[in-house]
Amino acid sequence: MTTDQSASGGPRPTSQDARDTGSPASTDPQSRRDPNGVPASAFNDADQGKPTGNGPADATRATRKRISADDAPGSNADAPADPAVPPRTTDAGTGKDAGTGKDAGTGPDAAEKAPTGKVADRDEIAAGKTATAGKPAEGGAKTDGTSTEGESKPDPWAAFGPAPEPVPTWYGRLGRRVGRLLIHEWTLAAVASLALAVLMTWPTLRYPAHTLPQDYWDPSLQAWQMAWSGHILLTEPAQLWHANAFFPERWSFAFSDTLLGYAPAGMIGSGPEAALVRYNIMFVLAHALATFGAYVLARQLGASRTGSAVAGAAYTYAPWLLAQAGHLHVVSNGGIPLALAMLARGHGWSLRHGYRPERRHEGWVYAGWLVAAWQLSLGFGIGLPFAYVLAGVVLAAVVIWYAKRIFWRLKRPFGQRLFVADLIGGLIFAGVGVLMAIPYFTVAQLHPNAERTIDDIAVFSPPATGFVTAPGESRLWGGLHEGARSLLPWHPEMTLLPGFVLYALALGGLFFSIWKVRQRLLLLAGVLVAMALSMGTELFGGRFTYVPLFDHLPGWSGIRTPGRLMLWATLLLGLLAAGAVSAFAVRVREIYAERIPSWPSPWLRLATLVPLLLVIAEGTNTTPHPVVPAQPAAMRSVDGPLLVLPSGQNHDQPVMLWSTTRFQDIVNGGSGFTPRQLEDARRVAMTFPDQTSVDYLRTLGVHNVLVLRDKIAGTPWEVSVDAPVDGLGITREEIGDVVVFRL
């Protein structure tokens with residue numbers, strides 16, 4: 001390696017020299033030189049302990065190394081300086097080197113001391129090691145030849161420095177993450193929703209293996225549906241739609257809403273008791289999900305926590321829903337607001353703040369579409385209107401999006417990934433809808449009597465008085481509204497009171513709210529439209545409201561009870577109420593901030609909870625929980641196909657529940673309509689046992705007939721059950737309280 005020792009402006013090292021140095025300074029013409037004019041190659045030679053031929057340069061280099069060692073943590077600050085070289089001083093006013101006039105924070109010295117992530121001087125490393133370990137460098141002397149003996153004293157100021165940051169362990173990091181998850185708003189909201197559901201549905205979980213809420217007719221049917229879907233998907237998935245009930249009918253699982261989305265729960269346990277426990281647990285969880293979903297939707301739209309809690313409680317525990325306690329497919333509506341909240345979150349949109357592109361996230365979009373598809377799988381009674389609402393929202397969003405781009409010249413980002421998420425999610429939702437609809441269209445073709453007519457809709461259409469009439473299960477209003485209910489033709493589906501407290505809060509939300517005036521009017525319009533549709537044919541004969549939907553929308557004719565559309569009015573009323581309560585909470589915070597002292601702020605904060613407490617109080621119920629008839633022992637041992645007598649809509653639904661032990665084929669069945677073949681079997685079996693009924697049942701393929709002695713009082717079988725069977729080619733056997741006829 002050669003350098004020009006004669007002058008500071010002499011030739012520079014060759015490219016090979018630059019490669020040998022291996023430091024960033026070797027490629028920079030300015031950093032290659034010492035402030036005193038010493039070439040960088042001299043420093044490199046000094047680093048290697050080689051003489052450079054420049055005495056002053058060597059002395060300067062030794063001084064620099066001593067300063068570097070003194071600056072290191074734990075170095076001896078009182079060590080004597082080299083007498084041959086004057087110490088470097090810095091002007092306190094300018095921050096420059098007093099000897100050279102250059103900036104003290106620049107040049108090779110600064111490059112060696114600055115934390116650039118790369119060590120430029122091995123002597124500096126040695127000095128650091130010596131100071132840290134409190135031992136002299138290797139050889140007992142510094143690299144400049146001076147002795148290190150007596151210089152390895154600990155820094156007296158080190159005790160006053162900050163303690164080193166502890167390195168967390170993996171289980172410490174996991175614990176912190178779990179702790180943050182447990183105190184997250186969504187976790188607390190979910191736990192509160194579950195606790196409220198247990199309380200408001202009590203005593204559903206008191207004797208879950210023996211009782212059912214409301215009655216044991218439709219709940220028995222729905223308990224069987226969950227058990228059947230879980231059983232058949234584990235054994236013969238191809239036979240899902242051909243259930244063991246309504247033998248020998250095909251597609252019998254599509255005779256009513258299926259609750260197919262609860263099939264995973266049906267895979268746990270077997271038999272009637274497990275089916276009852278499963279139903280009661282899902283009944284409570286459905287209430288919890290509805291509260292949580294409405295809370296999340298209100299929060300996503302911009303409401304406060306208290307306002308969102310009001311919306312969640314009002315949506316789940318509206319008095320009119322107490323009459324639907326025996327219909328799990330109606331109570332299971334929490335996927336609707338939850339899916340809407342996820343889709344809004346994924347698109348970065350809220351009612352209060354509008355569209356915020358920076359908040360877009362396609363993961364939430366996928367989740368929203370999947371939740372919507374799951375909600376649709378629970379049944380078309382609630383899911384079909386949701387599908388049409390979702391389609392309307394998507395269409396309106398697309399129109400508004402392009403209208404703003406074309407007419408208002410607003411170019412807002414959307415993103416290809418978000419578009420793909422919507423496309424894939426929408427196709428999944430539509431695919432689930434089509435696959436679910438095929439069996440129902442098949443049933444409509446095979447059983448023309450299953451189709452609804454506009455006259456059927458008129459039977460269940462509530463008048464306007466239904467919106468202020470509570471069902472008998474309402475603890476607060478049930479007794480007071482008994483007279484009003486007696487005037488309704490079919491009060492279980494016509495008592496549509498969402499709550500007087502909710503009405504009042506929503507009315508206040510029209511004048512005092514966090515929502516803009518335009519948004520309040522849109523919410524009010526939605527409430528009025530939902531109420532008009534809920535009246536079916538009662539409002540102007542339905543010619544401008546329900547009938548056009550009935551005639552033109554695919555599948556809408558299968559909705560028998562228009563009053564259940566009150567679900568949408570309740571949700572929108574809850575959002576109006578959430579706006580009012582949120583505005584009240586904001587005003588309370590302002591008053592709290594203005595008070596000096598802040599008393600009585602606790603009472604003001606508690607006042608924001610009054611609307612929530614009133615909504616919950618109005619939703620309390622007196623829902624009965626009857627004991628389900630016990631399964632006869634014969635149902636656990638007799639093979640199918642079989643017929644259980646007496647047979648009827650209310651008698652057959654518990655029989656379906658009893659069949660969950662073995663899932664043998666049974667002629668019995670209860671659903672939204674009665675197949676003609678089952679009607680014929682019931683009519684012919686009225687004279688059983690006789691030759692005509694025996695021959696007919698044999699034609700159907702029935703092998704056994706079970707007659708329940710404790711159910712035949714006042715029926716023809718009360719006498720004929722003990723009649724002689726000689727000449728009929730059948731045998732009679734007693735198994736407990738059941739008479740078994742083997743055909």
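In this short talk I will go through the cavities and then the salt bridges of the structure shown above.

Please keep in mind that this is a predicted model, in which local features need pLDDT of at least 70 and side-chain atom pairs count only at pLDDT 80 or more, while totals for chains, interfaces and linings use all residues. Residues are numbered from 1 along each chain as its sequence is written, and side-chain values use heavy atoms, with hydrogens and water left out.

Helix 10 (272-301) and helix 11 (305-316) are the elements that give two or more residues to the lining, and helix 10 provides the largest share, 4 residues. Helices here are DSSP runs (H or I, at least four residues), numbered from the N terminus.

Now to the salt bridges, where a side-chain nitrogen of Lys or Arg lies within 4 Å of a carboxyl oxygen of Asp or Glu. Side chains of opposite charge can pair when their charged atoms come close. The whole structure has 11 salt bridges. In one of them, E185 pairs with R305, with the closest N and O atoms 3.8 Å apart. Because E185 lies in helix 7 (residues 185-200) and R305 in helix 11, this pair ties together parts that are 120 residues apart in sequence. E185 is buried (under 20% relative accessible area), whereas exposed means over 50% and partly exposed is in between, with a 1.4 Å probe and protein chains only. R305, at 52%, counts as exposed. E185, R299 and R305 are also linked in a network of salt bridges.

A second pair is D652 with R682, whose closest N and O atoms are 2.7 Å apart. D652 sits in helix 25 (residues 649-658) and R682 in helix 26 (residues 676-684), 30 residues apart, and both residues are buried.

Finally, D680 and R683 meet in a salt bridge at 3.3 Å, N to O.
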